[in-house]
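The sequence and structure come before the text.

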Amino acid sequence: MRERVSDIFSTWFPKKRQAVTFSSALVWIVFLVVYAVAAIACEWQGWLRFSYWSAFWIMVLTPWFWWMSLHGYSALGKTRSNVALVVRLLLLGLFAAALAEPRTVRSNTSLSAMYALDVSDSMGNAVSTAAMEFIQRTASNRQDKDSVGMVAFGSNAAVELPPRSAFPLESLETINSVVGKDGTDLAKALSLSAAMLPDDAEGRIVLMSDGSATEGELTPVLEQLKARNIAVDVLPVDFDFEKEAWVERLDLPKSVKLGETYEASVLIGSLQAQKGTLVLEENGQEVFRDDIEIESGKKRIPIPIKLREAGYYAYTARLIVPEDQDGWKENNLAINDIYIAGEGKILVVTDPTGDPRDAARFIETLRASRRVVEMAQAFQVPRDTLSLMPYDAVVFINVPADALDVAQMQAVRDAVRQQGVGFLMIGGANSFGPGGYNRSAIEEALPVEMDIKQRKIMPKGALAIILHTCEFADGNTWAKRITKSAIKVLGDEDDVGVLAYTWNGGGNNGAPDTWIFPLSPADQYQKFSVKINQAQIGDMPSFVPTMTLGLNALLANDAAMKHMLIISDGDPTPPPPNLLQSFVQAGISVSTIAINPHGGQDISMMRSIAATTGGRYYFPQDPRQLPSIFIKEAKELKRNMIQNETFTPAVEFPSAILKGIDALPQLHGYVLTSAKAQAEVVLKSPVEDELNPVLATWRYGTGTSAAFTSDMSPNWGKDWIDWDQFQPFVNQLMIAISRVQADSDLVLTANAEGTTGLITIDDYHETQSFLTIEAQIAGPQNHMETVTLEQTGARRYKGTFPLWGRGRYQILAAAVDSDDRTDKAVGALSVAYSPEFLNFRSDPLTLKRIASETGGRILTGKEEALFEFERSPRESTKPAIDWFLWLLAFLLPLDVAVRRVQLDWQVIKGWFGFGKKAESAETMSALLKRKAEISATIERAAPPGQRSRTAKANAPPVKAAPQETVKSSEPATTAEPGDLSKLSTTERLLARKRQRENKDEH
């Protein structure tokens, strides 16, 4: 075992075979010196950066490579040995450098700058226009390699233009980014601007603002800017109002009884003493007006009011002062509201263009049940949730979605979720899916959804939409918005595609007529939305290519219903009759929407396309009508959800709604829907293996909603409304969904303090207890917040939340984690104007702080060459390990070749025609010399009588052969002439030669 270990050790570490001298180690030493100098020079000169210098410790193996080269068993010559050693050391050196993760370094002296423009309300339009001119002037004087971009900000921030070396100055006439103008968040603006700046160039931000921040925290953002060496140049916008008056708050009492007089108090502020007029409006009607003396400072003015009936009352206090005595006009009003509980009412909503018989029998039945019924057409539905508080339930009777706007639908949804208002949708041809409620706020509140999931075979529709440049203000923005609204109406199983004439030539062979996205299932809405937003819609020269693309795709689609929708100004070249005839033969209708047409010819052409193909023609005068038109067109594909068949509903789930009802009459139609997971399906169609709801209910938030997918009119429900138990059914249905008025010992008060909302709840329960109270706030922009209130005193709880815009904030507070208390409190907070308008002077100190801490400058606005200053080069690195891997791949076979491949340079020279004659003469001389040596040896070894005369005559004089040579020829003299197998090859040749000579002698 010891000998084996010794053999292995001697193999890896052989013993010294020759003297070790400095010259023998010279190659190794020189390589190490050159290698170290090269590595240090790369780092020092900035050619390469090594991430891990510790990887170079692997070079401690170089002595072993040198020792093996000197004392190993390679049997190479000195030159080849040195070359092999150098190649092997290079392999090790490259491997070490690769492990150190080398990165190439590039130095950049260009500048990347972002303009951050404050577009909040306090800036004003005139200031924004001047700022845009400043941007255009200074951006045009930048250096060629510099890139500039722009961020617009208010209460939030958005990128108007990313940094570009080719800055499109002509596109800066208006701001296209949508940002909240009711606040100023400097922190968001600086953070977003810094995020847009690349790390491989010097970054700079040019901030244009008044400095009056209403939200955001600057300190951490400034620290990040300093860490990245991003300087912020500041262009201050100065203003200082010496004369200003405002309405700070309108206070109303917490509780009021009918018939009692109470006081509304208005808190007014002013920078100087002056005169004005105070006006108070109740539900839009003026109830108070008085001329008042306004003192410098703040003053509270009481106003007596008497309520005559229960309901919801919205108040607006407005201050009127001379224009030269006021800076901001926007802060001269305040809003608030109060709700006086009374007998619960039911709001019945109908379609203004519908059949009055749809709702007549239902309303008659409600009133016969001694219910207070208030009727409203769809456009009269309130747009804020608080206005729905007087109603215990809201009923939609065959109302289409396009008869409502988004705010109205959201108000109904929030009233159910937050205030416990009941909601019932009664069906018809314009309800549910055919009514366009797919993916709407109303669908969220209903116990059913519009996509059909239970149906085994459901005919689908296909809709192709063609977008043409809309030549009115924000035309393309409107087109994109309403296209997305139309897609939402479609079911998941329907196909939709959008075509346009685009500037980027995305079609076949670079043609501009192309699909923004081809016909695809509508359930990919999020993906489609991104593509629609990114589309660059151009001015289409002709309808033919785009309509042909759409026709071919619709023909190849397997949809049962196919439709095309065109929105255009009508100026492209019209489609030829044969193309329109192709649509007619395929049964594909085309509806057209004329937007801002250039004349009567354009209008007639658009009308002709629709009339020829069986579509509809629209000529809206107001762009705000467009969403309802698109939704109406998309609804056409949902008509296949209407089931015109006679059936008797089957009971699926026992419910109090059917209490005392033994038998059900027939219905003659209904709308297909799918029940949601938590819904209770009370009645269903008798179709086997399918759960098609006819009546379904569920709990949504704090309220209950129901869906009756048939109707209660002489159409589908003619047997139902004549049924003798129709009144008990309707009464029990409304009892099941209507809000139940519950007394609460919690009283909620909400106020606004600057940019913060303050919630205060007092507990008047007879027994004092510790509660955990959570408040859910729903405010502008459909945003929600949840706040946990803290107990600040006996029976008092407080909480705060950030205000995110002007409007009404609805608050629902409830006691949680309590075994015996389930109290709830409802309140509201109204913000009439942005906190921006409570800043009466700019804040130059904040702007100076930003410039000072980041190393920026204070600008005057007169600069021309804004970016002419000494710049610090920025270095960027890129991984270079792939270079070293390629070198390693090249050196590995070279290492093997140096050690294993022997080159015959004479042969190589011969390939190229060098040295052939010399080689031939040298070879012939050697052969003759060798022949003479062999002949002399033979003559000495042969007997005297057998010596060749010829050999004697021709043999050159040779020296006696060495003893070893004579001995080696002895076997040839002793072997038998016929036995040559025991001789070597040379001896056999010599023996045959002697035999021929003997024959010649005889």
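How many aromatic pairs does a search of the whole structure find? The search finds 22 aromatic pairs.

## Model

This is a predicted model, in which local features need pLDDT of at least 70 and side-chain atom pairs count only at pLDDT 80 or more, while totals for chains, interfaces and linings use all residues. Residues are numbered from 1 along each chain as its sequence is written, and side-chain values use heavy atoms, without hydrogens and water.

## Aromatic residues

Rings of Phe, Tyr and Trp (its six-membered ring) pair if their centres lie within 6.5 Å; planes under 30 degrees apart are stacked, over 60 edge-to-face, the rest tilted. Trp 66 and Trp 67 are edge-to-face, because their ring centres are 6.1 Å apart and the planes stand at 70 degrees.

Trp 66 has a relative accessible area of 9% and is buried, whereas Trp 67, at 25%, is partly exposed. Here buried means under 20% relative accessible area, exposed over 50% and partly exposed in between (1.4 Å probe, protein chains only).

## Strand 6

Strands (E, at least two residues) and helices (H or I, at least four) are DSSP runs, numbered from the N terminus. In strand 6 (residues 202-209), 8 of the 8 residues are buried, so the strand is largely enclosed by the rest of the structure.

Strand 6 pairs in the parallel sense with strand 3 (residues 111-118) over 7 bridges; pairing requires at least two DSSP bridges. Leu 207 is the bridge partner of Ala 116.
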